[in-house]
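Work through the exercises below with the model open. Try each task before reading its solution.

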Amino acid sequence: MPGTYVVQDRNAGHGRAGLALPFPPTAGPLVIREKNDLRYLQMSQPWCGDVADEAYAGCFTEGISDCSVVAVMEWEPQRNGWGRCYFEHLAGSAITSHSMQLASHVLRSVRGPRFAVVAQYYGGIAFSEADSLFDELRVPPQNRSYYQSGRRGMNFGLRFFGGYFGEHLPGNQ
């Protein structure tokens, strides 16, 4: 199922991706539309909690260059929807002990399968760093998505309902 997606042509057609969906057959960036109803998070300002309690439709961050974004969501079969979530724009690619503790706290018990995404403009060490967090949170390898945009200064978001993730490109309102 999920795996690694590398944008091969920034001018190619856009695609749409979700945490529990296979990547689309496109070479262009994966995008989310509209960011107005998403919670804006600055670097090192994580959000975690139950999406049912959240007033926003998802999370969004801007200016990912040498940074990375990590998100983990849990599917809750009894609710037939997404449950608890952790989302953070990390300074650099290293998962800090604070990030690890926060994510482990909110996702301490397993209520359903977990899915995760890590995004960075050039790939690199962020992917292996995120794997240590995903291992700790018991996210199976087949439920991990790795996104490499090829664009410095990328804007990235995650929609809670649908589990869609991707870049927000200027003009995608």
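Buried means under 20% relative accessible area, exposed means over 50%, and partly exposed lies in between (1.4 Å probe, protein chains only). This is a predicted model: local features need pLDDT of at least 70, side-chain atom pairs count only at pLDDT 80 or more, and totals for chains, interfaces and linings use all residues. Residues are numbered from 1 along each chain as its sequence is written, and side-chain values use heavy atoms, with hydrogens and water left out.

**Exercise 1. Which side chain meets Arg 159 in a salt bridge, and which parts of the chain does the pair link?**

Step 1. Apply the rule: a side-chain nitrogen of Lys or Arg within 4 Å of a carboxyl oxygen of Asp or Glu. The count comes to 14 salt bridges.

Step 2. Find the partner. Arg 159 meets Asp 37, at 2.9 Å from N to O.

Step 3. Arg 159 is in strand S10 (residues 154-159), and Asp 37 is in the loop between strand S2 (17-18) and strand S3 (39-40), 122 residues apart.

Step 4. Classify them. Arg 159 is buried at 16% relative accessibility. Asp 37 is partly exposed at 34%.

**Exercise 2. Trace the salt bridges of Arg 79.**

Step 1. Start with Asp 50. Its closest N–O distance to Arg 79 is 2.8 Å. Arg 79 lies in the loop between strand S6 (68-76) and strand S7 (81-90) and Asp 50 in strand S4 (residues 47-50), so the pair ties together parts 29 residues apart in sequence.

Step 2. Go to Glu 76. This salt bridge with Arg 79 has its closest N and O atoms 3.5 Å apart.

Step 3. Arg 79 is partly exposed at 36%. Asp 50 is buried at 16%. Glu 76 is buried at 3%.

Step 4. Shared partners join Asp 50, Glu 74, Glu 76, Arg 79, Arg 84, Arg 111 and Arg 114 into one network.

Key:
Helices (H or I, at least four residues) and strands (E, at least two) are DSSP runs, numbered from the N terminus.
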